[in-house]
Amino acid sequence: MATIDIGGLTIPERALTFKFVRASGPGGQNVNKVATAAQCRLDLDAAGIEGDLRRRLEALAGKRLTVGGEIVVTADTHRTQARNRAEALSRVGAMIEAARAEPRPRRPTRPSAGAREKRLADKRRRGETKKRRGRIGADE
């Protein structure tokens, strides 16, 4: 079985499928005749991606994730199929790499006493400024 190393993972080749469609962008009249845009589909089930990595990858994919569990990436920036195919593969690899990095847990913090005092002093100063606004009347 053939495999591909992408984004630091070894994925079976059957998990990736490519389809070439007509693209917008550079190419002149050629763009109306030749299907150069590459559409790469990564089947997460066939790739064997499970657990936290899969959840992070699905979250990163967003609207590019299909109901069937495939991530669809389209590349049409170049004029040739080969370069667009490589571009789509590199985008999928970058997405996988980003998903492999585990997020650091947030450690709750509290503002220091000085920061709290500064905030309250600013609020008092702002309140005084607003209190001085308005009509000047006999009632003061």
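## Central sheet

Strands S3 and S4 (residues 37–43) pair in the antiparallel sense, with 6 bridges between them.

Strand S1 (residues 3–6) and S2 run antiparallel, joined by 4 bridges. Ile 4 has Ile 11 in S2 as its bridge partner. The hairpin of S1 and S2 has 2 residues between the strands. Gly 7 in this hairpin takes a positive phi near 65°.

## Nonpolar core

In soluble globular proteins, nonpolar side chains tend to be buried together. Here the largest nonpolar core has 23 residues. Those with the most contacts inside this core are Ile 11, Leu 42, Ile 49, Leu 57, Ile 71, Val 92 and Ile 96. At least two core residues come from each of strand S2 (9–12), S4, helix H2 (44–47), helix H3 (51–61), S5 and H4. Helix H4 supplies the largest share, 6 residues.

Ile 11 is the bridge partner of Ile 4. Ile 49 is in contact with Leu 9, Leu 44, Arg 54 and Leu 57, leaving aside neighbours within four places in sequence. Leu 57 is itself among the core residues with the most contacts.

## Salt bridges

The whole structure holds 9 salt bridges. Several involve helix H5 (residues 113–131). Arg 124 forms one with Glu 117, with the closest N and O atoms 3.2 Å apart. Glu 117 counts as partly exposed, at 45% relative accessibility.

Asp 122 and Arg 125 meet through their side chains in another salt bridge, at 2.3 Å from N to O. These two residues are 3 apart in helix H5, so about one helical turn separates them. Asp 122 is partly exposed, with a relative accessible area of 32%. Glu 128 and Lys 131 also form a salt bridge, at 3.6 Å from N to O. Both lie in helix H5, 3 residues apart, about one turn of the helix. Glu 128 has a relative accessible area of 38% and is partly exposed, whereas Lys 131 counts as exposed at 62%. Elsewhere, salt bridges that share partners join Asp 45, Arg 54 and Glu 58 into one network. Arg 54 is also one of the contacts of Ile 49.

## Confidence

The protein chain averages a pLDDT of 88. At least 70 is reached by 94% of the residues. Confidence is highest in helix H5, at a mean of 95. Confidence is lowest in helix H1 (residues 30–33), at a mean of 74. Where pLDDT is low, the predicted coordinates should not be read in detail.

Terms used. Residues are numbered from 1 along each chain as its sequence is written. This is a predicted model: local features need pLDDT of at least 70, side-chain atom pairs count only at pLDDT 80 or more; totals for chains, interfaces and linings use all residues. Side-chain values use heavy atoms; hydrogens and water are left out. Two strands pair if DSSP finds at least two bridges between them. A nonpolar core is a set of buried Ala, Val, Leu, Ile, Met, Phe, Trp, Tyr and Cys residues joined through side-chain atoms within 4.5 Å. Buried means under 20% relative accessible area, exposed over 50%, partly exposed in between (1.4 Å probe, protein chains only). Contact means heavy atoms within 4.5 Å. pLDDT is the predictor's confidence in each residue, from 0 to 100. A salt bridge is a side-chain nitrogen of Lys or Arg within 4 Å of a carboxyl oxygen of Asp or Glu.
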